[in-house]
Amino acid sequence: MHVVTNYHVVREIGPQDLQVVFLDGGKDDDLPKREVLKGEVVGTDPFTDTAVIRVFSSGKRLVPMHPLPLGESAALEVGQSVYAIGNPFGLDHSMSKGIISGKSRTLDIGERPIQGCIQTDASINPGNSGGPLLDAAGRVIGVNTAILTASGTSAGVGLAIPVDTVKRNVELILKQGFVSRGSW
């Protein structure tokens, strides 16, 4: 199984230190089940802040894994409801609701600007990075990546990498271990 996250989330984690946590909410009277599995970075694309992790599982699983359905980001509309999932400020498995505030934004925080980002007013804070941005049907439409702020606090504009970009790059990473681009 593979998990997609942001490059900046895994870039400084040593190969022996990468862990992926799964949580199953259980039934009303059950305590949640938590499972921590070892992971390995398969490949990354720093230019779109994308990373693919292989998750290792041996034996019987405590928590069932179900991939989220993928949507499309090309047809998103400003005003459309979205949900951001992540672990803001260490608060595990949090979700916030908002709308798409803008499309085709440029995120200029790394080596190269990331084009075509989704702007949202759903709370994107430290710890949301790498989590999914979902549409109202529960489909992944982006990967939460950053908050732009003038004050240096967690008050600003949230941005996500569009799922159409992520799908294309994940396909290349799984096929060849990296994303190739032409150069001048």
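**Figure 1. The second largest pocket has a volume of about 320 Å³.** The model is predicted: local features require pLDDT of at least 70 and side-chain atom pairs pLDDT 80 or more, whereas totals for chains, interfaces and linings use all residues. Residues are numbered from 1 along each chain as its sequence is written, and side-chain values use heavy atoms, with hydrogens and water left out. A pocket is an open set of points on a 1 Å grid over the protein atoms alone where a 1.4 Å probe fits, with protein on both sides within 12 Å along at least five of seven lines; lining residues have an atom within 4 Å of a point. Volume is the space filled by probe spheres set on the points, which are joined across faces, edges and corners. Of the 20 lining residues, His 8, Arg 11, Asp 49, Ile 109 and Thr 145 lie nearest the centre. Strand 9 gives the most to this lining, 3 residues. Helices (DSSP H or I, at least four residues) and strands (E, at least two) are numbered from the N terminus.

**Figure 2. The largest pocket has a volume of about 1700 Å³.** Its lining comprises 43 residues, with Val 3, Val 4, Val 20, Gly 130 and Pro 132 the closest to the centre. Helix 2 provides the largest share of this lining, 6 residues. Strand 1 (2-5), helix 1 (7-10) and strand 2 (19-24) are among the elements that each supply at least two residues.

**Figure 3. The largest nonpolar core has 12 residues, including Val 52, Leu 107, Val 170 and Val 179.** A nonpolar core is a set of buried Ala, Val, Leu, Ile, Met, Phe, Trp, Tyr and Cys residues joined through side-chain atoms within 4.5 Å; buried means under 20% relative accessible area (1.4 Å probe, protein chains only). Helix 2 contributes the largest share of this core, 3 residues. Apart from this core lies another, of 10 residues, among them Val 82, Ala 84, Ile 100 and Leu 133.

**Figure 4. Asp 135 is located in strand 8 (residues 132-135).** Asp 135 counts as buried because its relative accessibility is 5%. The side chains of Asp 135 and Arg 139 are joined by a polar contact of 2.8 Å (N or O atoms within 3.5 Å, one able to donate a hydrogen and the other to accept it; residues adjacent in sequence count only if both atoms are side-chain atoms). Beyond residues up to four places away in sequence, Asp 135 touches Gln 80, Ser 81, Tyr 83 and Ile 141, where contact means heavy atoms within 4.5 Å.

How values were computed:
Buried means under 20% relative accessible area, exposed over 50%, partly exposed in between (1.4 Å probe, protein chains only).
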